Amino acid sequence: MRVYIAGPITDNEHYNNKFIRREKFLKDFGYEVCNPLRIAQRLEVELNRKPNYEECMEANLAELSKCDAINYLPGWELSNGAQREKERADSIGLQIVSVYELGGTRWK
């Protein structure tokens, strides 16, 4: 199962660590993980420059559409980008993977 991680990036201190830790956590449970940070890195190489917000969102939403499920980081609801990702996930009927159901109480 391929899981997309959604959460706040803009104006979120230490967002890198949060996305990387969640990616590792989900992989430890056997999921294939789609991490927006990795998408942005790939896009930067393809464009040979730092992508802007809309370019990142377009690429993120395209990758999200290839996933089976979505996982939300704390504070996702305060992020415009994560809200757009939730709308897309809802529109295509993605399952929600909860870290609490996986035993992720350390994420409180």
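This is a predicted model: local features need pLDDT of at least 70, side-chain atom pairs count only at pLDDT 80 or more; totals for chains, interfaces and linings use all residues.
Which residues have the most contacts inside the largest nonpolar core?

**Ground rules**

Residues are numbered from 1 along each chain as its sequence is written, and side-chain values use heavy atoms, with hydrogens and water left out.

**Core**

I looked up the largest nonpolar core and got 17 residues, with Tyr-4, Ala-6, Leu-64, Ile-70, Tyr-72 and Leu-94 having the most contacts inside it. For the record, a nonpolar core is a set of buried Ala, Val, Leu, Ile, Met, Phe, Trp, Tyr and Cys residues joined through side-chain atoms within 4.5 Å. Buried means under 20% relative accessible area, exposed means over 50%, and partly exposed is in between (1.4 Å probe, protein chains only).

Next I checked which elements give two or more residues to this core: strand 1 (2–6), helix 2 (36–47), helix 3 (53–64), strand 3 (69–72) and helix 4 (80–92). Helix 3 gives the most, with 5 residues. I also found a second, separate core of 10 residues, and Ile-5, Leu-26, Val-33 and Ala-69 are among them.

I then listed what Ala-6 is in contact with (contact means heavy atoms within 4.5 Å). Leaving aside neighbours within four places in sequence, Ala-6 has Phe-19, Ile-70, Asn-71, Tyr-72, Leu-73, Trp-76, Ala-82 and Glu-85.

**Whole chain**

I counted 4 helices and 4 strands in the protein. Here helices (H or I, at least four residues) and strands (E, at least two) are DSSP runs, numbered from the N terminus. The order from the N terminus is β-α-β-α-α-β-α-β. The radius of gyration is 13 Å, close to the 13 Å from the globule rule for 108 residues, so the protein is as compact as a globular protein of that length. That radius is taken over C-alpha atoms, and the rule is 2.2 Å times the number of residues to the power 0.38.

I read the spans of the C-alpha trace along its principal axes as about 40 × 30 × 25 Å. Buried residues make up 45% of the 108. Of the contacts between residues at least 6 apart in sequence, 67% join residues at least 24 apart.

**Surface and charge**

My charge tally is 16 positive and 17 negative side chains, with the centres of the two sets 5 Å apart. Lys and Arg count as positive and Asp and Glu as negative, while His and the chain ends are not counted. The place of a charge is NZ of Lys, CZ of Arg, CG of Asp or CD of Glu.

**Residues in loops**

Is Asn-12 buried or exposed? I found Asn-12 in the loop between strand 1 and helix 1 (15–28), and Asn-12 is buried at a relative accessible area of 17%. Its C-alpha is 9.4 Å from that of Ser-79, 67 residues apart in sequence.

Asn-48 lies in the loop between helix 2 and helix 3 and counts as exposed at 71% relative accessibility.

I put Lys-66 in the loop between helix 3 and strand 3, exposed with a relative accessible area of 53%. Lys-66 and Gln-41 are 25 residues apart in sequence and 18 Å apart, C-alpha to C-alpha.

**Residues in helices**

What does Lys-86 touch, not counting residues up to four places away in sequence? My list has Tyr-72 and Trp-76. Lys-86 sits in helix 4 and counts as partly exposed at 26% relative accessibility. From Lys-86 to Ile-70, 16 residues apart along the chain, I read a C-alpha separation of 8.3 Å.

Last entry: Ala-62 is in helix 3 and partly exposed, with a relative accessible area of 38%. Ala-62 and Arg-88 are 26 residues apart in sequence and 9.7 Å apart in space, C-alpha to C-alpha.
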